[in-house]
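These are my notebook entries on a structure that I had not examined before.

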Amino acid sequence: MSQDRRPAAEIDAKALSALLGPVVTTGVPLYRAIADSLRRVIADGSITAGSRLPPERALSTALDVSRVTVTSAYRELREQGWADAVHGAGTFVSSPSEETSWGSMLRSESPGVLDLVNAAPEASPFLAEAFEGALATVGAALVGHGYAPSGTRALRTAIASRYTARGLPTTPDQIVVTSGAGDAAHLVFQTFARPGHRVLIEHPTYPGAIEGLESAGAIAIPVAIDAADPDAFVDDADRSARQNAPTLAYLMPDFSNPSGARLSVEGRRRLSATMARHGILTVVDEVAADLVLDDSGAYEPFGAPTPGTATISIGSLSKSVWGGLRVGWVRSDKELIARLARTYARRQLSVSILEQATAVHLLERFDAVLVARRQWLRGQRDILVSHVRAELPEWNFHVPEGGLSLWCSLPAGMSSHDVVRRAATGNLLLAGGTRFGTGYAFDDKLRLPFTRPASELAAAVRVLAETSSGAAGDGHPVEPAELVV
Ligand SMILES: Cc1ncc(COP(=O)(O)O)c(C=O)c1O
């Protein structure tokens, strides 16, 4: 609870009562129904963070309920992180998504807990062999000092060759090796985003990117993306660029996380030309670009037909191989890469030599690694799709042609925050839809990754079917605090 908060706005009890409309209490206590309605008007932006809620007595009169009911509703809001009490000043609206960093949502695996917070697959079957291969070859490096700023020559060469094979001619000096793609994104924001700079993002987008650009002091400019009509993003981005003059853009043209959207070849060409016309430096996150799950194959990388335009691609082996292998990279033209390399060297002397050697082994047989990963993910996607269709028929989603998760639209009136809270009583952990947006957007959405074993996916959907309709889970409840590790 913060003691220094000052109200940005005070909401009148009558006005709030009108906003809430008739309170529907189907199967839930009255105080909870009021808390649910309050959360909904916060989530849809009708009330903004920092606003002071009416005094309990005034709201109870306006709603014609007892004061105790409003006290309980406010307490529930506070417990869920949607409000703070400030001693002597009242109850203020806050945003639960501001409280927990994305990284801290990663929890260690506990028995009996179904963890669908992260879209992070188990290790590729090729990884163990690659570690052994790396151990066998790393001996030659042991006589040196063991630091490789920007990455070992062998790994930068292997990464560059893969870009060249994909249609984006690249030399090793256009690569900086990082500790994963998240690290790469932070490096780019640290180098090119200044306080007050505007950064155009897809909406929804990867929460780590929102955090990264916010920590650089930059301002996110959200542009809606929809997997059902991904190329509509191009004209919307053009319009937003004209209005908001962003200097940077952070985009995922292939299997955007979490929407699953993939731009067509024509769409990405138009988008690249649009960004170039507005002088926007475009950061392209390709962590899921290789995870094509239908027959469409690989599309040309963003910016391939116009290699002179300012584009920075970032990638990693986290999704194609394993998140525990901390190898990622940045690719750009030599001038931008030189700036990135200077920034990176100031904070990180080197990525582990053994992991880089492992990555070289993996990239040598990367086509086989990807065939196995895609086949496994395709099966996982189909299993999750069939469970959701059978047990949650009112949930809608576009079956993604690639990536690692379903982005579900919840039935009308259902709040993702509420679904997450109820699922936790059945030992199922999820990230609420609002994690993937700015403000309170996407409380009507839920991301369901299909990266856990099939039996867990089935159990997770069962828990959702039982708890999201209001029935309590019968497992031991998980305290909300345990979500944060
Ligand atoms: C779009 C996107 N970018 C970056 C990352 C971070 O990846 P890494 O583990 O390589 O840091 C993730 C992880 O989920 C992601 O989904």
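Entry 1. I looked up the contacts of V330, taking contact as heavy atoms within 4.5 Å. Leaving aside neighbours within four places in sequence, V330 is in contact with Q174, I175, V176, T178, A184, L187, V188, I312, S313, I314, I337 and L340. I note that this is a predicted model, in which local features need pLDDT of at least 70 and side-chain atom pairs count only at pLDDT 80 or more, while totals for chains, interfaces and linings use all residues. Residues are numbered from 1 along each chain as its sequence is written, and side-chain values use heavy atoms, with hydrogens and water left out.

Entry 2. I then asked which residues touch the most other members of the largest nonpolar core. They are F189, I312, I314, L317 and V330, in a core of 53 residues. Such a core is a set of buried Ala, Val, Leu, Ile, Met, Phe, Trp, Tyr and Cys residues joined through side-chain atoms within 4.5 Å. Buried means under 20% relative accessible area, exposed over 50%, and partly exposed in between, with a 1.4 Å probe and protein chains only. Helix 7 (residues 181-192) gives the largest share of this core, 6 residues. A second, separate core has 33 residues, including L448, F450, L457 and V461. In soluble globular proteins, nonpolar side chains tend to be buried together.

Entry 3. I recorded the secondary structure, which comes to 15 helices and 13 strands. Helices (H or I, at least four residues) and strands (E, at least two) are DSSP runs, numbered from the N terminus. Of the 485 residues of the protein, 54% count as buried.

Entry 4. I traced an open sheet of 7 strands, with the order 4-10-9-8-7-5-6 and mixed pairing; two strands pair if DSSP finds at least two bridges between them. Its edge strands, strand 4 (175-178) and strand 6 (219-224), each pair on one side only. Strand 8 (residues 281-285) and strand 9 (residues 311-316) pair in the parallel sense over 4 bridges. V284 has S313 of strand 9 as its bridge partner.

Entry 5. I examined helix 8 (residues 207-215), which packs on the sheet and touches strand 5 (198-203), strand 6 and strand 7 (248-251). P207, G208, A209, I210, G212 and L213 of helix 8 are buried. Their cover includes helix 7, strand 5, strand 6 and strand 7. Just after helix 8, G217 takes a positive phi of about 85°.

Entry 6. I turned to salt bridges, each a side-chain nitrogen of Lys or Arg within 4 Å of a carboxyl oxygen of Asp or Glu. The structure holds 25 of these salt bridges. In helix 9 (residues 232-244), D238 forms one with R242, the closest N and O atoms being 3.5 Å apart. The two lie 4 residues apart, about one turn of the helix.

Entry 7. D254 is buried at 6% relative accessible area, and R262 is buried at 8%. D254 also meets R268 in a salt bridge (3.0 Å, N to O). This pair links helix 10 (residues 265-277), which holds R268, with the loop between strand 7 and helix 10, which holds D254. Finally, I noted one network in which salt bridges that share partners join R32, E76, D418, R421 and R422.

How values were computed. Axes fitted to C-alpha atoms, helices over the stretch in contact; angles between N-to-C directions.
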